Amino acid sequence: QVQVVESGGGLVQVGGSLRLSCAASGRAFSNYNVGWFRQAPGKEREFVAGIGWSGRNTLYADSVKGRFAASRDNAKNTVYLQMNSLKPEDTAVYYCAAGQGSLLGKYDYWGQGTQVTVSS
């Protein structure tokens, strides 16, 4: 069992930056891939980024490629999502999730989400 908790969301102006954190507790977090997802009002949840258990493999949605970067510190049981050049369309609740499938596969453990609002 793994528990994950997101933090770092907030209100930022267009072009600004935020860094989200996903802190994990429970067994062997370093064995899990972590995905970042987001859900905007009235829209379905979408994949944003994923990072493999070692941190060597990452995957990004086209909409955030070149602006967002995922990283992890397994010694701290924490995964990060650095978000730069933020746009109003990045406004959403952001979730992290842990799983042992592929980066686009099934994730078993989800956090409660953190709100990101980008104002123009």
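Predicted model: local features only at pLDDT ≥ 70, side-chain atom pairs only at ≥ 80, totals over all residues.
Colleague: What makes C22 and C96 a disulfide?

Modeller: The S to S distance of C22 and C96 is 2.1 Å, and the cut-off for a disulfide is 2.5 Å. The distance is within that cut-off, so the pair counts as a disulfide. The structure holds 1 disulfide.

Colleague: Which parts does the link of C22 and C96 tie together?

Modeller: C22 belongs to strand β3 (residues 18-26) and C96 to strand β9 (residues 92-99), so the link ties together parts that are 74 residues apart in sequence. The link is right-handed, with 70° about the S-S bond.

Colleague: Why is C22 called buried?

Modeller: C22 has 0% relative accessibility, and buried means under 20%. C22 therefore counts as buried. C96 also has 0% relative accessibility, so C96 counts as buried.

Colleague: How many aromatic pairs does the structure hold?

Modeller: There are 4 aromatic pairs. One of them is formed by Y32 and Y109.

Colleague: What makes the pair of Y32 and Y109 edge-to-face?

Modeller: The centres of Y32 and Y109 are 6.0 Å apart, and rings pair if their centres lie within 6.5 Å. The angle between the planes is 70°, and planes over 60 degrees apart count as edge-to-face. The pair is therefore edge-to-face. Y32 lies in the loop between β3 and β4 (33-39) and Y109 in strand β10 (residues 109-110), so the pair ties together parts that are 77 residues apart in sequence.

Colleague: Is Y32 buried or exposed?

Modeller: Y32 has 7% relative accessibility, so Y32 counts as buried.

Colleague: Why is the pair of F37 and Y107 called edge-to-face?

Modeller: The ring centres of F37 and Y107 are 5.4 Å apart and the planes are at 80°, so this pair is edge-to-face. F37 is in strand β4 and Y107 in the loop between β9 and β10, so the pair ties together parts that are 70 residues apart in sequence. F37 is buried, with a relative accessible area of 10%, and Y107 counts as buried at 7% relative accessibility.

Colleague: Which residues form one aromatic cluster?

Modeller: The cluster is formed by F37, F47, Y107 and W110.

Colleague: How do you know that the charged end of R45 sits over the ring of F37?

Modeller: The charged end of R45 is 5.9 Å from the centre of the F37 ring and sits over that ring. The distance cut-off is 6 Å, with a further limit of 35 degrees from the ring normal. The charged end of R45 also sits over the ring of W110, 3.9 Å from its centre.

How values were computed:
Residues numbered from 1 in each chain as written. Heavy atoms only, no water. Helix = DSSP H or I, 4+ residues; strand = E, 2+ residues; numbered from the N terminus. Buried < 20%, exposed > 50% of the residue type's maximum accessible area, 1.4 Å probe, protein only. Phe/Tyr/Trp six-rings, centres within 6.5 Å; stacked < 30°, edge-to-face > 60°.
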